[in-house]
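Q: I am new to this structure and would like to be walked through it. Could we begin with the terms and then take the features in turn?

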Amino acid sequence: MEVYWQQVRRGQNLMLLDDQGQEERIGGFRETRRGIDAYATTFGYDPDRSQKGFPSVEDAKAFVESFRPWELYG
């Protein structure tokens with residue numbers, strides 16, 4: 001299993017690559033006119049896993065990684 005950040009048009013996605021070669025997006029952030037928005041994947045409804053207005057990319061990445069979303073996949 002491998003976890004990595006992948007560049008996308010307006011930000012980055014946190015990706016999980018499993019042993020069978022399947023990729024899954026497990027979080028990410030995007031830059032908007034109002035700041036940086038970040039989210040971590042969950043299997044239920046959890047509004048605390050999404051937040052807007054981060055001052056920096058590093059803060060947004062730390063927010064997403066703090067939830068350890070890769071643990072949802074074993």
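A: A term that will be needed is the salt bridge: a side-chain nitrogen of Lys or Arg within 4 Å of a carboxyl oxygen of Asp or Glu. Please keep in mind that this is a predicted model.

Q: Fine. How many salt bridges does a search of the whole structure find?
A: The search finds three salt bridges. Aspartate 37 is joined to arginine 30, with 3.8 Å from N to O. Arginine 49 meets aspartate 46 at 3.6 Å, N to O. Glutamate 71 pairs with arginine 68, and their closest N and O atoms are 2.7 Å apart.

Q: Take aspartate 37: is it buried or exposed?
A: Aspartate 37 has a relative accessible area of 13%, so it is buried, since buried means under 20%.

Q: Which class does glutamate 71 fall into?
A: Glutamate 71 is partly exposed, with a relative accessible area of 48%. Arginine 68 is likewise partly exposed, at 43% relative accessibility.

Q: Changing topic: how are the strands arranged?
A: Five strands form an open sheet in the order β1-β2-β3-β4-β5, with antiparallel pairing. The edge strands are β1 and β5 (50-54), each of which pairs on one side only. Neighbouring strands of the sheet are turned by 20 degrees against each other on average, direction ignored.

Q: Where does α1 sit relative to that?
A: α1 packs on the sheet and touches β1, β2, β3, β4 and β5. The direction of α1 makes about 15 degrees with that of β4.

Q: How many bridges join β1 to β2?
A: Strand β1 (residues 2-8) and β2 run antiparallel and are joined by seven bridges. Glutamate 2 stands opposite leucine 17 in β2. The two strands form a hairpin, with two residues between them.

Q: What about β2 and β3?
A: Those strands are antiparallel, and seven bridges join them. Leucine 16 has glutamate 24 in β3 as its bridge partner. Glycine 11 stands opposite arginine 30 in β3, and arginine 30 is the residue whose side chain meets that of aspartate 37 in a salt bridge. The hairpin of β2 and β3 has five residues between the strands, and glycine 21 takes a positive phi near 90 degrees in it.

Q: What links β3 to β4?
A: A hairpin joins them through two residues. β3 and β4 pair in the antiparallel sense over six bridges. Phenylalanine 29 stands opposite alanine 38 in β4.

Q: What does alanine 38 contact, leaving aside its neighbours within four places in sequence?
A: Alanine 38 is in contact with Gly28, Phe29, Arg49, Ser50, Gln51, Phe54, Ala60, Phe63 and Val64, once those neighbours are left aside.

Q: Which residues make up the largest nonpolar core?
A: This core has twelve residues: Leu14, Leu16, Ile26, Phe29, Ile36, Ala38, Ala40, Phe54, Ala60, Phe63, Val64 and Trp70. At least two of its residues come from each of β2 (11-17), β3 (23-32), β4 (35-40) and α1 (57-66).

Q: Why would such residues gather?
A: In soluble globular proteins, nonpolar side chains tend to be buried together.

Q: One more residue: where does glutamine 12 lie?
A: Glutamine 12 lies in strand β2.

Q: Is glutamine 12 buried or exposed?
A: Glutamine 12 counts as buried because its relative accessibility is 15%, and the limit for buried is under 20%.

Q: What surrounds glutamine 12?
A: Leaving aside neighbours within four places in sequence, glutamine 12 is in contact with Trp5, Gln6, Gln7, Gly28, Phe29 and Lys61. With glutamine 7 there is a polar contact between the two side chains, at 3.2 Å. Phe29, another of these contacts, is also listed in the largest nonpolar core.

Notes:
Residues numbered from 1 in each chain as written. Predicted model: local features only at pLDDT ≥ 70, side-chain atom pairs only at ≥ 80, totals over all residues. Heavy atoms only, no water. Core = buried A, V, L, I, M, F, W, Y, C linked by side-chain atoms within 4.5 Å. Buried < 20%, exposed > 50% of the residue type's maximum accessible area, 1.4 Å probe, protein only. Helix = DSSP H or I, 4+ residues; strand = E, 2+ residues; numbered from the N terminus. Contact = heavy atoms within 4.5 Å. Pairing = 2+ DSSP bridges. Polar contact = N/O pair within 3.5 Å; in protein donor to acceptor, adjacent residues only side chain to side chain. Axes fitted to C-alpha atoms, helices over the stretch in contact; angles between N-to-C directions.
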